Amino acid sequence: MRRLGGPGLRVMHPPSGCEGVPGDLSPLLAIPRTSRLVITALAALALILGVGSPATAAVATMTGSVRLADGTPVETCLNIYDSDYMVVGSPCSDALGEWSAPDLDASLNYKVEAPSSDTYPNTFAPSATDFYSGDSYAADARVNIVITPPGTILGRITMADGRPLKDTAVVVSSTDGKLQEWGRTDTTGSYELRVRPGDYRVEIGLEGATLWIGPTGREADATIFRLASGERVTADAQLPERARVNGLAVDKSTREPLIAKDPTGTRSAVYAGGNDLRSSSAVVSLSPGVRVPARFALPLGGELRGRVVDVDGNPVPFVCPDVFYQRTNQRVEGVTSCSGSRGQYVVRGLPARAVTVALRAEPFSGYATTWHPSVDSQREAPLVSPQPGKVLWLRLTQYPGKGLVEGRVTDPKGRPLEGVSISIDGIGSPRMGSCESALCARTDADGRYSLAVTAGTYRPFAWGEPRFAPEWFGNSSTYRQATPVTVTVGSRVTADFQLYPGGRMRVTATTAAGPPQTGYYLGEIYSADGYDVGQCDAFAANGWACTSSALKPGTYYLWMKGQTGGLWYPGVADRRDATPIKVAAGDVAEVTVTVS
């Protein structure tokens, strides 16, 4: 990929030949004169017949400037994007803020970005905050970028007793929903975030809950902080007294099933209502500072122990057990210790119920999730029954040997894509942005990836590059139609991907009474066979309408979760009654979904 007009641009001149003769003609002069006459005649005939070098596309030079709002020039390097969302040039501005980018295809339109730095936020010409809001320009246009210096929102978060709230997420969100900046508090409870001028709300992420800085802690009543360029605005907060249930502190002010746990694992956990299963629990309404009468009787718990080794019998560390009620997806609460250097894992505080045990390895380890003792599915897993006050040793789990899956991911023009997530098992989570599972790899600067994985059959999934649609191996928009790859012990399997921009959805949320008045509607997009491939969230700041992430041409289903539950497009409770949405390459499918 060339850098046009930027540092490192090299102009290659032909090598010198005979004195007074251009270097690129010297090989012709070495040919006998008679032969040169024949060559010349043939060249003339080719011109007459129209046979010659292919026509060269017309090129143009884009010029422009980068300045602050007050006119101060900015020295920086830019990104020029073509219609395939790819960077085709990276010119740099000089001391006067001026730049130029030669040799651009004159038939295309472009967008220009000044990337973010330690001093300034990223800006798309002329002064937009994101790619889609930026203007498109012809190749010969003059493009002037105006950067607005950011301001700073800072503050200190303390608990009800005045102690600092350490290592806690703080999110600053613009009131129009277009901007968001994340940070964490330090050991003193302090944070500091640089953001563009505008109106913002500040959100504190607590375990299992969210608190907005404002009089009530709710988003609807959150304080709006107005920030000007270069200004420093303070947003401090002190958490209210937490709700308490029989001495157990809970950081939630919403309706949730309450659970009492014994952190030592001596006794098994119990939900409100006296049941050890969440599905059978009672729901208790909590408010900050209010004591709720809810009594729990915790029975004596049981303990499971097991060990995990590799194909050679060596212990495998960082394998964590998940316990499920019988052969269902209901997780059983317990106190879990993942495997250590000896490969041994422990789950304490389990109720006396028949359970199955899943074993999940650490990210990027290449070990597929297995079920105790060493089977591929929960359906095949034997039931085990913990007994109160007793230790039950499980059979040894031994992972099979590994083979290598490798490949390269490129864009439509064959250029490498860095940072793409490859889920070898075909299961991604686009909302997370990148893959963190055991069967996950990421591409390097040359677009290459490799991961040694346990023997088996897989359908790799490439995702996480926002400009391009995710896809399964074999150019498929569904898991079931993907090309499977079989990995045997010691084998090497290649799975290459070429990603394309695809299409998108434009989703508008509405209710039976008209546009929603409050709330946040989380949209998940699923492939025709039910796999998570994208997202689109609607809320007040974006006018209850959103544009989805990129999607491969195909058929999809949309699910929107609101205040009281989720509905499938166009507004039905059961996916079997949902209407499929067709997405075509380069198009935006307009969708209106009824939410609750």
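Predicted model: local features only at pLDDT ≥ 70, side-chain atom pairs only at ≥ 80, totals over all residues.
Begin by selecting β4 (98-105), β1 (residues 59-68) and β8 (142-147), which form an open sheet of three strands in the order β4-β1-β8, with mixed pairing. Because β4 and β8 each have a single partner strand, they stand at the edges, and one side of each is left without a neighbour in the sheet. From one strand to the next the twist averages 25 degrees. Zoom in on β1 and β4, whose antiparallel pairing runs over six bridges, and pick out G64, whose bridge partner in β4 is W99.

Next, select strand β10 (residues 169-174), where six of the six residues are buried, so that the strand is largely enclosed by the rest of the structure. Showing side chains, you will find A169, V171 and S173 pointing one way and V170, V172 and S174 the other.

Now turn to the cysteines, which make four disulfides. Select C77 and C92, with sulfur atoms 1.8 Å apart; the torsion about their S-S bond is about 90 degrees, so this disulfide is right-handed. C77 is in the loop between β1 and β2 (79-81), whereas C92 is in the loop between β3 (87-89) and β4, 15 residues apart.

Finish at C536 and C546, whose sulfur atoms are 2.0 Å apart. C536 lies in the loop between β44 (532-535) and β45 (538-539) and C546 in strand β46 (residues 545-547), so the pair ties together parts ten residues apart in sequence. C536 is buried at 3% relative accessible area, and C546 is likewise buried, at 6%.

How values were computed:
Residues numbered from 1 in each chain as written. Heavy atoms only, no water. Pairing = 2+ DSSP bridges. Helix = DSSP H or I, 4+ residues; strand = E, 2+ residues; numbered from the N terminus. Axes fitted to C-alpha atoms, helices over the stretch in contact; angles between N-to-C directions. Buried < 20%, exposed > 50% of the residue type's maximum accessible area, 1.4 Å probe, protein only. Disulfide = S-S within 2.5 Å.
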